[in-house]
Amino acid sequence: MSQDTIESILQEKRLFQPPAEFSQKAHIKSLEEYQALYDKAKADPEAFWAKLADRELDWFQKWDTVLDWQPPFAKWFVNGKINISYNCLDRHLTTWRKNKAALIWEGEPGDSRTLTYAQLHREVCQMANVIKQLGVQKGDRVGIYMPMIPEAAIAMLACARIGAVHSVVFGGFSAEALHDRLNDGKAKLLITADGGFRKDTAVGLKTQVDKALANNAVPTVANVLVVERTKQKIHMEPGRDHWWHDLQKGVSANCPAEPMDSEDMLFILYTSGSTGKPKGVVHTTGGYNLYTHMTTKWIFDLQDTDVYWCTADVGWITGHSYIVYGPLSNGATTLMYEGAPRNSNPGCFWDVIEKYGVTVFYTAPTAIRTFMKMGEHFPKARDLSSLRLLGTVGEPINPEAWMWYYRIIGNSNCPIVDTWWQTETGGIMITALPGAIPTKPGSATLPFPGIVVDVVDQDGEPVTNESGGYLVVKHPWPGMMRTLYNDPERFRRTYWEYLRPKNGEFVYFAGDGAHKDKDGYFWVMGRVDDVINVAGHRLGTMEVESALVSHPAVAEAAVVGKPDEIKGEEIVAFVTLENTQQPSDELAKELKQHVVKEIGAIARPGEIRFTEALPKTRSGKIMRRLLRSLAAGQEVTGDTSTLEDRAVLDKLRGGA
Ligand code: WT7
């Protein structure tokens with residue numbers, strides 16, 4: 001974000017109070033109540049979380065220690081025995097919720113399906129039995145590569161039920177990306193589908209799977225379970241591939257949930273960092289269950305009459321925590337939609353809200369801006385009066401988009417919760433509680449009870465109010481990542497040793513820059529590392545650069561983000577070519593396609609700029625700051641004295 005944007009955002013004076021009738025019925029009803037909860041949690045976090053764990057979740061066996069903190073490694077609810085699939089399903093079956101809609105699915109084109117808690121439980125138990133038959137045991141890793149269909153959630157819950165560790169790979173990732181993730185986790189089984197619907201077309205998933213597994217490239221994967229979705233013609237490898245509908249036939253719907261240790265691994269989810277390959281973020285069972293449960297309950301203010309819809313894909317952490325685990329643990333009705341915003345169907349989100357009477361709606365700024373551009377007549381032509389609460393996540397929301405969301409979608413009477421968090425944090429960390437905390441457009445507002453956050457300088461020392469710095473978390477919390485899969489040292493280095501305050505305390509470095517205003521409100525400004533946020537998707541510049549240099553024509557590549565009106569940021573790649581190569585539009589196209597093949601469509605560069613050389617420091621570091629300015633069409637300002645060859649900059653300016 002430019003200094004101008006930051007300054008204009010910090011000028012924001014508008015303050016929106018929660019509507020009185022909302023607050024009266026809310027779980028947390030006033031700022032005073034929030035403050036009291038917050039203070040209590042801060043004074044004794046362990047007592048705070050223990051009380052909630054006891055009240056809100058079912059345990060097979062109670063823990064004996066709430067928190068074992070050996071920085072930076074935490075264990076929560078030590079020796080507690082619990083199963084998140086049990087908390088999401090079984091415990092609701094003995095209540096009136098047994099026949100309540102657990103999962104409403106709106107598919108494409110025109111398909112839909114609703115599963116009650118009893119039905120969902122049945123499907124999950126059957127899939128759990130099937131994957132056991134396929135040789136999966138407690139602790140084994142299972143890859144899930146699925147479109148947005150109920151079986152994606154069923155597969156996750158089935159793994160959790162038997163203690164298998166799921167590793168969901170977003171269905172938009174390429175065969176290459178899938179291959180790398182499956183190999184890193186040494187998955188034993190892969191659950192997938194023939195294909196899925198993406199913006200009006202049936203896209204193949206199984207074909208990508210076949211590529212990823214070809215020539216025994218992932219030797220640990222012995223079986224592939226395939227859900228039929230698009231009915232595309234696909235290859236089924238004898239002995240390896242099995243149709244779900246075949247194996248489901250006649251399989252028992254009785255599969256007791258395995259008592260898991262609170263610290264047993266629940267899932268791995270890969271996310272991008274500033275260096276090297278994607279990181280396998282590890283989340284465990286008990287703390288994650290509690291944290292997603294509590295944040296869902298208080299932030300989305302779930303009541304039994306709600307129809308709650310989070311538009312994320314289950315392939316991301318938002319889908320894990322706020323489509324599947326958080327809402328189901330609360331016994332809520334969660335909606336899953338296979339479609340996405342697109343010009344061919346400019347009212348699609350609003351149709352879903354109208355059709356199901358959605359009351360709580362959680363989406364991303366990029367989607368809001370897309371719909372904003374399409375025009376307000378689309379939402380205005382639908383009945384959105386069921387809505388009572390709106391949420392946003394994924395990137396900073398600009399005040400214009402916030403106001404549009406508030407006025408046009410929320411009819412100026414729905415609070416907006418702008419939720420800041422990350423794959424690593426497991427659940428939401430900074431947000432308004434909708435009945436309690438007044439909101440300011442563009443600010444995620446205040447930390448969730450039990451969460452201690454601050455803005456610090458390079459030395460890890462708190463900055464004075466209102467000056468910018470690094471966003472950090474100062475105390476462990478139940479939903480925090482436990483480690484990086486097979487790489488505890490990288491976990492320690494990246495997150496906990498990057499900033500070290502003088503007092504020797506460990507603080508968690510989130511990778512974001514932020515400001516705290518005079519009211520203590522947080523304004524998250526975006527990544528300060530080499531991570532780009534394209535339409536709410538997190539991509540490492542190094543990842544995209546490696547993809548580019550793996551093309552034979554490319555000598556060197558440097559990737560930066562450029563501000564984009566809809567997507568927040570867009571990828572611009574500066575590329576130098578091998579001697580024998582000439583820049584051309586065709587080559588630019590080919591390179592973009594190459595990145596799609598290596599990573600997936602989300603990583604497609606918006607622009608390729610061929611150049612003779614990249615600006616580097618004398619020690620050979622690429623000066624990305626300069627490239628960012630150039631990509632954004634801004635004057636290159638600031639210190640350029642470390643630049644090795646000033647002529648490079650002049651050439652780049654000249655549009656070389
Ligand atoms: C990064 C995490 C966890 C949600 C989905 C993305 C950015 C996320 C906000 C927000 C400003 C936000 C941050 C963060 N981000 N939410 N409300 N305001 N920035 O998860 O892929 O792990 O990305 O998304 O930069 O570090 P993720």
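Buried residues account for 61% of the 656 residues in the protein. The model is a predicted one. The accessible surface of the protein amounts to about 24,900 Å², and carbon and sulfur atoms hold 49% of it.

The overall dimensions fit this picture of the fold. A compact globule of 656 residues would have a radius of gyration near 26 Å, and the protein has 24 Å, so the two agree. Along the principal axes, the C-alpha atoms fill a box of roughly 75 × 65 × 55 Å. The chain forms 21 helices and 30 strands. Of the contacts between residues at least 6 apart in sequence, 71% join residues at least 24 apart.

**The ligand and its shell**

Which residues come nearest to the ligand? Among the 17 residues around the ligand, these are Asp418, Thr419, Thr423, Asp512 and Arg538. The shell consists of six nonpolar, six polar and five charged residues. Helix H12 (317-329), strand E20 (416-419) and strand E25 (522-527) each contribute at least two residues to the shell.

| Residue | Protein atom | Ligand atom | Distance |
|---|---|---|---|
| Thr419 | backbone N or O | nitrogen | 2.8 Å |
| Thr423 | polar side-chain atom | oxygen | 2.6 Å |
| Arg527 | side-chain N or O | oxygen | 2.9 Å |

The ligand taken alone exposes 550 Å², and the protein buries 95% of that area. Two of the residues in the table, Thr419 and Thr423, are also among those that come nearest to the ligand.

**Thr295 in helix H11**

Thr295 belongs to helix H11, which spans residues 285-299. Is Thr295 buried or exposed? Its relative accessibility is 0%, and Thr295 therefore counts as buried, the limit being under 20%. The side chain of Thr295 reaches the backbone oxygen of Tyr291 at 2.6 Å. Apart from neighbours within four places in sequence, Thr295 is in contact with Phe300, Tyr322, Ile428 and Phe448.

**Backbone details in loops**

Most peptide bonds are trans, and most residues other than glycine have a negative phi. The following places depart from that pattern.

One runs from Pro71 to Pro72, with omega near 0°. Pro72 lies in the loop between strand E1 (65-70) and strand E2 (73-78). Another cis bond joins Glu108 to Pro109, with omega near -20°. Pro109 sits in the loop that links strand E4 (101-106) with strand E5 (112-116).

For Asn215, a residue other than glycine, phi is near 55°. Asn215 is located in the loop between helix H9 (206-213) and strand E11 (223-227). With a relative accessible area of 78%, Asn215 is exposed, because the limit for that class is over 50%.

Ser412 is not a glycine either, yet its phi is positive, at about 55°. Ser412 is placed in the loop between helix H16 (399-409) and E20. Strand E20 is also one of the elements that supply residues of the shell around the ligand. The relative accessible area of Ser412 is 39%, so Ser412 is partly exposed.

How values were computed: Residues are numbered from 1 along each chain as its sequence is written. This is a predicted model: local features need pLDDT of at least 70, side-chain atom pairs count only at pLDDT 80 or more; totals for chains, interfaces and linings use all residues. Side-chain values use heavy atoms; hydrogens and water are left out. A residue is near a molecule or strand if one of its heavy atoms lies within 4 Å of it. A polar contact is a pair of N or O atoms within 3.5 Å; within protein, one must be able to donate a hydrogen and the other to accept it, and residues adjacent in sequence count only if both atoms are side-chain atoms. Accessible areas come from the Shrake-Rupley method with a 1.4 Å probe; for residues, only the protein chains shown count as cover. Helices (H or I, at least four residues) and strands (E, at least two) are DSSP runs, numbered from the N terminus. Ala, Val, Leu, Ile, Met, Phe, Trp, Tyr, Cys and Pro count as nonpolar, Asp, Glu, Lys and Arg as charged, and the others, Gly among them, as polar. The radius of gyration is taken over C-alpha atoms; the globule rule is 2.2 Å times the number of residues to the power 0.38. Buried means under 20% relative accessible area, exposed over 50%, partly exposed in between (1.4 Å probe, protein chains only). Contact means heavy atoms within 4.5 Å.
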